[in-house]
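Here is a short briefing on one model. Look at the sequence and the structure first, then work through the points by topic.

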Amino acid sequence: MTSNIIKASRLLALAMVVGITSLSSTGCTQRSEITWHEPGVYKGSDDPLLAKQQDPQHIEALKERFIMGQSDR
Amino acid sequence: MARMKFLCDADRCIECNGCVTACKNEHEVPWGVNRRRVVTLDDGVPGEKSISVACMHCTDAPCAAVCPVDCFYTTDDGIVLHDKDLCIGCGYCLYACPFGAPQFPQKEAFGVRGKMDKCTFCAGGPEEDNSAAEHEKYGRNRVAEGKLPLCAEMCSTKALLAGDGDQVSDIYRERITKRGGRPETWGWDTAYKKGDA
């Protein structure tokens, strides 16, 4: 019984130490992936569509689609 | 390289709102957000004209010019897109846009609350083409599938055209030649007609 109480109090003490250590170290680290803003420069993720738009087959497919679906009959 | 453009032929638009419905359905756009809308001038008066309006994918887009976080980018064929991960929902783009295209969702239903939403010319966003993330934030990416905007493809009277600007202007020029004149929807007669205050 007494050993259980001692065990529980040790665990509690350990948890408190871990908690206090993690709380006190909050904000001490430095983020390395900061994006610095530059006026007029897009710094978001790259759109895979941009590469696809260079494909002549894709360009031709869109042109054919336009003629097929939107030209006057 | 093609330059993608929308054009609404006011002489053909019958205000059916099919384009609005098609857009809403295709991209699962939530209530309160209208990427496309039909505006009618002189509603109820003989000679009324309707035009379907959305983001016009401007060459020198004012939304991009005023964006404080530069979340806009333009594709090689002139489609103006934006990254919702960068957008802070400030609303400057709405003030700058002459067409009222930028929309801001009120509820947590489409992307993240407060992020700007607008017509993407059915070209999605910067995420992987037609991925779940892209669909949730921007809707379907039809251009990546070799298709054109559904609003134009669904237009029953072919009033709304969407595609390469050269092809669009060829069709419109041919129509105008047949009609023998251009519509006065936005002309001098509309701007300075008698009876206006």
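Exposed means over 50% relative accessible area, buried means under 20%, and partly exposed covers what lies in between. By that scale, Pro56(A), Gln57(A) and Met68(A) of helix 3 of chain A are exposed. This is a predicted model. It scores ipTM 0.83 and pTM 0.81.

**Confidence in chain B**

- Chain B has an average pLDDT of 89. In this chain, 89% of the residues score at least 70.
- Among the elements of chain B, strand 5 has the highest mean pLDDT, at 97. Helix 7 (residues 188-191) of chain B has the lowest, at 69.
- Where pLDDT is low, the predicted coordinates should not be read in detail.

**Helix 3 of chain A**

- Helix 3 of chain A covers residues 56-70, which is 15 residues. From first C-alpha to last, the helix reaches 21 Å. That is close to the 21 Å expected at 1.5 Å a residue.
- Which residues of helix 3 of chain A are buried? They are His58(A), Leu62(A), Phe66(A) and Gln70(A).
- Seen down the axis of helix 3 of chain A, these buried residues fall within an arc of 85 degrees, so they line one face of the helix.
- An α-helix has 3.6 residues a turn, so residues three or four places apart point the same way.
- Pro56(A), Gln57(A) and Met68(A) sit on the other side of helix 3 of chain A.
- What do the buried residues of helix 3 of chain A pack against? In chain A, the partner is helix 2 (49-52). In chain B, the partners are strand 1 (4-8), helix 5 (150-153), strand 6 (160-164) and helix 6 (165-179).

**A buried lysine in chain B**

- Lys84(B) lies in the loop between strand 5 (80-82) and helix 3 (92-96) of chain B.
- Is Lys84(B) buried or exposed? Its relative accessible area is 3%, under the 20% cut-off, so Lys84(B) counts as buried.
- The side chain of Lys84(B) makes a polar contact with the side chain of Asp117(B), at 2.8 Å.
- The side chain of Lys84(B) also reaches the backbone oxygen of Lys137(B), at 2.5 Å.

**Salt bridges**

- Over all chains, the count comes to 19 salt bridges.
- Glu145(B) pairs with Arg140(B) in a salt bridge, with the closest N and O atoms 2.7 Å apart. Glu145(B) is partly exposed, at 33% relative accessibility. Arg140(B) is partly exposed too, at 23%.
- Glu153(B) and Arg142(B) meet through their side chains in a salt bridge, 2.7 Å from N to O. Glu153(B) lies in helix 5 of chain B and Arg142(B) in the loop between helix 4 (132-138) and helix 5, so the pair ties together parts that are 11 residues apart in sequence.
- Arg142(B) is buried, with a relative accessible area of 4%. Glu153(B) is partly exposed, at 22% relative accessibility.
- Lys147(B) forms a salt bridge with Glu145(B), and here the closest N and O atoms are 3.3 Å apart. Lys147(B) counts as partly exposed, at 22% relative accessibility.
- Which residues do shared partners join into one network? They are Arg65(A), Glu26(B), Arg140(B), Arg142(B), Glu145(B), Lys147(B) and Glu153(B).

Technical notes
Residues are numbered from 1 along each chain as its sequence is written. Chains are lettered from A and ligands numbered from 1 in the order in which they are written. This is a predicted model: local features need pLDDT of at least 70, side-chain atom pairs count only at pLDDT 80 or more; totals for chains, interfaces and linings use all residues. Side-chain values use heavy atoms; hydrogens and water are left out. Helices (H or I, at least four residues) and strands (E, at least two) are DSSP runs, numbered from the N terminus. The expected span of a helix is 1.5 Å times one less than its number of residues. Buried means under 20% relative accessible area, exposed over 50%, partly exposed in between (1.4 Å probe, protein chains only). The arc is that of the directions from the helix axis to the C-beta atoms. Contact means heavy atoms within 4.5 Å. A polar contact is a pair of N or O atoms within 3.5 Å; within protein, one must be able to donate a hydrogen and the other to accept it, and residues adjacent in sequence count only if both atoms are side-chain atoms. pLDDT is the predictor's confidence in each residue, from 0 to 100. A salt bridge is a side-chain nitrogen of Lys or Arg within 4 Å of a carboxyl oxygen of Asp or Glu.
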